[in-house]
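This report goes through a few parts of one protein model. Please look at the sequence and the structure before reading on.

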Amino acid sequence: MARKRATLDEIVATFSKHLSRSYPAPADFSRNFDILLWGKRDRSDAAGYTLTLEKNIVYLDGLIEESLSFVERLLAPGADLDGNRIAAILAEMEKRARESTNARHERSFASREEPAFRALAEGREAGGAGYIEKLEFNYRYLMTLRLFLFEFVSVLAAVRAEYDTERAGPGDIARIRAQLGVTANYYLGNVSAGEGGSPAGGPSVN
């Protein structure tokens, strides 16, 4: 008997329902980040706090890019969807991102060779509260994007266990990242539901 097919839109809608059931309201979600950052500030001086944020941003950016490539592989027919295998792959990606952080941080914030961070790094010399605020904003966003991206992988694996999916087409991975970015901004309170920031609706996979 042929298995049913789940579209990408249905997978995204299923993911959105999963988040709404699993995570607190945006105000509480954002407040949790406040508490997290207060703890980081209390554990070090201003210079140490700034360095910690810079390195975390570099680490998260690298992990997100590799995770998106992994999502593309998972959408391919015949992808290995064993839960333990997926968990091991995600852990290995985290390890690689962590191991490359120091060198990439040097290229990004010292020599400014990484285009992705050039605009942010330009504020490093001036420093001060404005620079730290930008770092905190980027940290919150990337940390949330990474969290939701791993959740998306979990939902995708669960859907693929029961449904067939189509291979990612041109623009699909960029669309997934954009949707996750909108959802991250919604939960962080950067956009309101009226601005199109609420998680995607529509039919989901049941």
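A pocket here is an open set of grid points, on a 1 Å grid over the protein atoms alone, with protein on both sides within 12 Å along at least five of seven lines. The model is a predicted one.

**The largest pocket**

About 160 Å³ of space lies in the largest pocket. Its lining is made up of Ile57, Asp61, Ala116, Phe117, Leu120, Phe137, Asn138, Tyr141, Leu142 and Arg177. Helix 3, helix 6 (115-121) and helix 7 (128-160) are the elements that each give two or more residues to this lining. Which helix gives the most to the lining? Helix 7 does, with 4 residues. Sorted by class, the lining residues are 7 nonpolar, 1 polar and 2 charged.

**Helix 3 and helix 5**

Two packed helices are described by the angle between their axes and the distance between the axes. For helix 3 and helix 5 (residues 101-110), the angle is about 110° and the axes are 9 Å apart. Angles of 65 to 115 degrees count as roughly perpendicular, and helix 3 and helix 5 are therefore roughly perpendicular to each other. On the side of helix 3, the contact is made by Leu51, Glu54, Lys55, Val58, Tyr59, Asp61 and Gly62. On the side of helix 5, Thr101, Asn102, Arg104, His105, Ser108 and Phe109 take part. By class, the residues of this contact are 4 nonpolar, 5 polar and 4 charged. Asp61 of helix 3 belongs to this contact, and Asp61 also lines the largest pocket.

**Buried and partly exposed residues**

A residue counts as buried when its relative accessible area is under 20%, and as partly exposed when the value lies between that and 50%.

| Residue | Relative accessibility | Class |
|---|---|---|
| Serine 67 | 1% | buried |
| Alanine 88 | 42% | partly exposed |
| Arginine 112 | 25% | partly exposed |
| Arginine 140 | 17% | buried |
| Threonine 144 | 0% | buried |

Serine 67 lies in helix 3, which spans residues 46-74. Leaving aside neighbours within four places in sequence, serine 67 is in contact with Met93, Leu149 and Phe150.

Arginine 140 and threonine 144 are both found in helix 7. What does arginine 140 touch, not counting residues up to four places away in sequence? Arginine 140 touches Ser30, Phe33, Asp34, Leu37 and Leu188. On the same terms, threonine 144 touches Phe29, Phe33, Ala184 and Leu188. Threonine 144 and phenylalanine 29 are 115 residues apart along the chain, and their C-alpha atoms are separated by 9.7 Å.

Alanine 88 has its place in helix 4 (residues 83-99).

**A positive phi in a loop**

Most residues other than glycine have a negative phi. Arginine 112 has a phi near 55°, a positive value in a residue other than glycine. Where is arginine 112 placed? Arginine 112 lies in the loop between helix 5 and helix 6.

Note on methods: Residues are numbered from 1 along each chain as its sequence is written. This is a predicted model: local features need pLDDT of at least 70, side-chain atom pairs count only at pLDDT 80 or more; totals for chains, interfaces and linings use all residues. Side-chain values use heavy atoms; hydrogens and water are left out. Buried means under 20% relative accessible area, exposed over 50%, partly exposed in between (1.4 Å probe, protein chains only). Contact means heavy atoms within 4.5 Å. Axes are lines fitted to C-alpha atoms, for helices over the stretch in contact, and angles run from 0 to 180 degrees between N-to-C directions. Angles under 35 degrees count as roughly parallel, over 145 as roughly antiparallel, 65 to 115 as roughly perpendicular and the rest as oblique. Ala, Val, Leu, Ile, Met, Phe, Trp, Tyr, Cys and Pro count as nonpolar, Asp, Glu, Lys and Arg as charged, and the others, Gly among them, as polar. On a 1 Å grid over the protein atoms alone, a cavity is a set of points where a 1.4 Å probe fits but cannot get out, and a pocket is an open set with protein on both sides within 12 Å along at least five of seven lines; lining residues have an atom within 4 Å of a point. Grid points are joined across faces, edges and corners, and a volume is the space filled by probe spheres set on the points.
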